[in-house]
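Here are a few notes to read alongside the model. Have it open while you go through them.

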Amino acid sequence: MNVLNFVNAFFSDSAHWHGYDGIPQRLLEHVQYSALALALAAAIGLPVGLLTGHTGRGGNALAFIATAARALPSFGLLVLIVIVMGFGLLPVMIPLVILAVPPILVTTYEAVRTVDPSPVDAARGMGMHESRILFQVELPVALPLILSGLRSAAIQIVSTATIAAYVSLGGLGRYIVDGLYQRDYEKVVGGATLVAVLALVTLAVFWAVGRLAVSPGVRRR
């Protein structure tokens with residue numbers, strides 16, 4: 001039985017479309033985990049990246065932190081945190097946030113640092129406050145690259161949030177973990193397919209956000 005047959009059998013089974021283990025419920029759980037982790041990572045990475053990018057200070061420290069965070073294995077970190085803290089949502093959020101902060105932090109910093117200095121100098125010459133320069137001059141130009149960092153972080157979170165199933169939570173990883181335990185490869189392939197589709201949908205959402213949020217003049221650069 002090939003992969004396409006597994007996919008067809010999984011999605012054509014009506015039992016997979018309702019109940020606590022149905023696709024809508026597991027998909028909703030996965031989206032909730034991913035959205036929460038992305039929001040927490042953005043709350044950390046965006047302010048720090050904007051501030052350091054605007055001031056030009058701390059670039060080397062950010063690069064070191066980002067490299068160190070990327071080197072941490074998400075699953076190994078999850079196991080370690082569960083041993084220390086026990087089961088729950090928080091042990092899942094910690095590795096997901098650590099995974100997502102570096103791309104947001106680094107791209108935000110680089111996005112602000114690479115803004116053409118001419119309009120920034122002109123704004124300072126007009127007496128604009130530094131916060132207004134950041135949000136009214138630098139941020140609109142840096143927004144496409146900032147969104148690319150958020151998009152990269154979101155894709156990584158969506159793909160990695162399957163680890164929640166290893167600590168008895170839900171999400172699409174439930175199909176993969178349960179399928180492997182039960183040797184039900186139809187369920188494993190179906191769960192993996194859903195994760196891949198959700199990642200593609202996430203890409204589409206960020207493309208739409210970029211079309212709406214980024215001014216046409218900046219997009220054409």
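This is a predicted model: local features need pLDDT of at least 70, side-chain atom pairs count only at pLDDT 80 or more; totals for chains, interfaces and linings use all residues.

1. Numbering starts from 1 along each chain as its sequence is written, and side-chain values use heavy atoms, with hydrogens and water left out.

2. Start with helix α7 (residues 130–160) and helix α9 (residues 185–213), which pack at about 165° with axes 10 Å apart. That angle makes α7 roughly antiparallel to α9 (the term covers angles over 145 degrees). The contact residues divide into 13 nonpolar, three polar and one charged.

3. Now look at helix α4 (residues 74–85) and α5, packed at an angle of about 145° with axes 9 Å apart. On the α4 side, Leu77, Leu78 and Ile81 are among the residues that meet α5, whose partners include Ile94, Pro95 and Ile98. This contact has twelve nonpolar residues, one polar and no charged.

4. Thr108 also lies in α5 (residues 90–113). Is Thr108 buried or exposed? Thr108 is buried, at a relative accessible area of 0% (buried means under 20%, with a 1.4 Å probe and protein chains only). A polar atom of the Thr108 side chain sits 2.6 Å from the backbone oxygen of Ile104. Leaving out residues up to four places away in sequence, Thr108 touches Leu46, Gly49, Leu50 and Ile146.

Technical notes. Axes are lines fitted to C-alpha atoms, for helices over the stretch in contact, and angles run from 0 to 180 degrees between N-to-C directions. Helices (H or I, at least four residues) and strands (E, at least two) are DSSP runs, numbered from the N terminus. Angles under 35 degrees count as roughly parallel, over 145 as roughly antiparallel, 65 to 115 as roughly perpendicular and the rest as oblique. Ala, Val, Leu, Ile, Met, Phe, Trp, Tyr, Cys and Pro count as nonpolar, Asp, Glu, Lys and Arg as charged, and the others, Gly among them, as polar. Buried means under 20% relative accessible area, exposed over 50%, partly exposed in between (1.4 Å probe, protein chains only). A polar contact is a pair of N or O atoms within 3.5 Å; within protein, one must be able to donate a hydrogen and the other to accept it, and residues adjacent in sequence count only if both atoms are side-chain atoms. Contact means heavy atoms within 4.5 Å.
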